[in-house]
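Colleague: I have not seen this structure before. Please show it, and then I will ask about its parts.

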Amino acid sequence: MAARFEFEQAPGHLIRRAHQIASAVFSDEAAAHGVTPVQFAILNVLMDEPGIDQITLAGRVVFDAATIGSVIGRLEHKGWLRRDADTQDRRRKLLWLTAEGEQAVLALKPGVEMVQQRILEPLAPEERHQLLALLAKLVTNHARSQAA
């Protein structure tokens with residue numbers, strides 16, 4: 001008889017559960033704005049990098065370049081960003097926050113900061129730093145191996 005696989009302690013299962021928790025906490029804090037974590041990431045990048053092209057943006061937020069257009073379309077529909085064709089290459093779409101989009105980002109930031117605190121709340125301060133360092137190491141090293 002094969003030994004039981006302890007999936008409850010498997011890294012993939014624990015990461016999936018942590019993602020579920022993070023998503024639920026984000027939804028709780030951002031519900032009034034009707035924004036997803038990916039939408040906030042997009043808005044936040046546009047705040048720092050106005051005029052970025054759609055493909056580069058997808059890479060910055062680590063989202064599928066083929067499907068980011070629909071997420072951008074929802075934000076455009078809300079009036080929070082605009083998409084313009086690049087004058088040098090009409091196929092390339094450049095993205096800009098609208099004034100309303102900038103206000104939305106500024107209104108969302110305190111809640112998103114609270115989300116981060118709530119996610120890490122069960123951990124002691126030194127554990128928070130350790131977890132973040134280990135997650136960054138995991139993500140960075142896997143990103144390098146996938147790029148090779």
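The questions below go from the whole chain to single residues.

Modeller: This is a predicted model, in which local features need pLDDT of at least 70, side-chain atom pairs count only at pLDDT 80 or more, and totals for chains, interfaces and linings use all residues. Residues are numbered from 1 along each chain as its sequence is written, and side-chain values use heavy atoms, with hydrogens and water left out.

Colleague: What pattern does the protein chain follow along the sequence?

Modeller: Helices (H or I, at least four residues) and strands (E, at least two) are DSSP runs, numbered from the N terminus. The protein chain has six helices and two strands. Read along the sequence, the pattern is α-α-α-α-β-β-α-α.

Colleague: Which residues touch the most other members of the largest nonpolar core?

Modeller: A nonpolar core is a set of buried Ala, Val, Leu, Ile, Met, Phe, Trp, Tyr and Cys residues joined through side-chain atoms within 4.5 Å; buried means under 20% relative accessible area, exposed over 50%, partly exposed in between (1.4 Å probe, protein chains only). Of the 26 residues in the largest one, those that touch the most other members are Ile42, Leu43, Leu46, Leu57, Ile68, Ile72 and Leu81. At least two core residues come from each of helix 1 (11-30), helix 2 (37-48), helix 3 (54-60), helix 4 (68-77), strand 2 (93-97) and helix 5 (99-120).

Colleague: Is alanine 58 buried or exposed?

Modeller: Alanine 58 lies in helix 3. Phe63, Ala65 and Ile68 touch alanine 58, not counting residues up to four places away in sequence. Its relative accessibility is 2%, so alanine 58 counts as buried.

Colleague: Is valine 139 buried or exposed?

Modeller: Valine 139 is in helix 6. The relative accessibility of valine 139 is 56%, so this residue counts as exposed.

Note on methods:
Contact means heavy atoms within 4.5 Å.
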